[in-house]
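Me: I would like to go through this model with you, starting with the aromatic residues and then moving on to other topics. Please have a look at it first.

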Amino acid sequence: MNSKADNWFSKFVRLSEADSNGIGTCVTCGLKKHIKGLHCGHFIGRQHQATRFDEMNAHCQCVTCNTFNEGRKAEYEHYLNSRYGQVMVDLLKLRGKSTYRRSKFELTKIAEYYKIKAKELSKEKGIALW
């Protein structure tokens, strides 16, 4: 049910963090790679619906950090603190603990919104969508 929304949100996040050559940087280890080879890593896991589509909660991560090193949460939190500040990270964590269930309608609208945003970024940066 989340698949289209997840797909477009992931593309948007990776495009937003890419340079004009399509290169993104893993927020936890610093690896630079084309965004097609990076993940949209979530600080607070995707199972938490309240923060699943929160742009502050999702950034480029390499496969090793996101999948094999369970997101490298300490490094991820350090990155978030430096980018957004401790107060915002604390609020994000608090939102992550709340219970939330999205309707099909809401997920459809999220997918539509991020599809438009991803296409805009793709065109603006000259990076082909995949």
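Me: How many aromatic pairs does the count come to?
Reply: The count comes to 5 aromatic pairs. Please note that this is a predicted model.

Me: Take F9 and F53. Why is the pair edge-to-face?
Reply: The ring planes of F9 and F53 stand at 85°, with the centres 5.5 Å apart, so the pair is classed as edge-to-face. The cut-off for that class is an angle over 60 degrees.

Me: And which parts does that pair tie together?
Reply: F9 belongs to helix 1 (residues 3-16), while F53 sits in the loop between helix 2 (49-52) and strand 4 (58-61), so the pair links parts that are 44 residues apart in sequence.

Me: Are those two buried or exposed?
Reply: F9 is buried, at a relative accessible area of 1%. F53 is buried as well, at 9%.

Me: Which residues form the aromatic cluster?
Reply: One aromatic cluster is formed by F9, F12, F53, Y113 and Y114.

Me: What does D54 touch?
Reply: Setting aside residues up to four places away in sequence, D54 touches F9, L92 and R95. As for C40, its C-alpha is 12 Å from that of D54, and the two residues are 14 apart in sequence.

Me: Where is N57, and is N57 buried or exposed?
Reply: N57 is also in the loop between helix 2 and strand 4. N57 counts as buried, at 0% relative accessibility.

Me: What surrounds N57, then? Which residues does N57 touch?
Reply: Not counting residues up to four places away in sequence, N57 touches G41, H42, F43, I44, T51, Y76 and L92.

Me: On to the cysteine, C60. Where does C60 lie?
Reply: C60 lies in strand 4. Its relative accessibility is 0%, and C60 therefore counts as buried.

Me: How far apart are C60 and C40?
Reply: Their C-alpha atoms are 5.0 Å apart in space, and C60 and C40 are 20 residues apart in sequence.

Me: And with which residues is C60 in contact?
Reply: Leaving out neighbours within four places in sequence, C60 is in contact with V13, R14, E17, T25, C26, V27, I35, L38 and H39.

Me: Change of topic: backbone angles. What is phi of E70?
Reply: Phi of E70 is near 50°, which is a positive value in a residue other than glycine. E70 is in the loop between helix 3 (63-68) and helix 4 (73-84). At 68% relative accessibility, E70 counts as exposed.

Me: What about R72? Where does R72 lie, and what is its phi?
Reply: R72 lies in the loop between helix 3 and helix 4. R72 is not a glycine, yet its phi is positive at about 45°. R72 counts as partly exposed, with 25% relative accessibility.

Me: Where is N21, and is N21 buried or exposed?
Reply: N21 is found in the loop between helix 1 and strand 1 (23-25). N21 counts as exposed, at 60% relative accessibility.

Me: Now the overall fold. What pattern does the protein follow along the sequence?
Reply: The pattern is α-β-β-β-α-β-α-α-α-α, with 6 helices and 4 strands.

Me: What radius of gyration does the protein have?
Reply: The protein has a radius of gyration of 14 Å, which agrees with the value near 14 Å for a compact globule of 130 residues. The C-alpha trace spans about 35 × 35 × 25 Å along its principal axes.

Me: How many of the contacts are accounted for by residues 24 or more positions apart?
Reply: Such residues account for 68% of the contacts with a separation of 6 or more. Of the 130 residues, 42% count as buried.

Note on methods:
Residues numbered from 1 in each chain as written. Predicted model: local features only at pLDDT ≥ 70, side-chain atom pairs only at ≥ 80, totals over all residues. Heavy atoms only, no water. Helix = DSSP H or I, 4+ residues; strand = E, 2+ residues; numbered from the N terminus. Rg over C-alpha atoms; globule rule 2.2 N^0.38 Å. Buried < 20%, exposed > 50% of the residue type's maximum accessible area, 1.4 Å probe, protein only. Contact = heavy atoms within 4.5 Å. Phe/Tyr/Trp six-rings, centres within 6.5 Å; stacked < 30°, edge-to-face > 60°.
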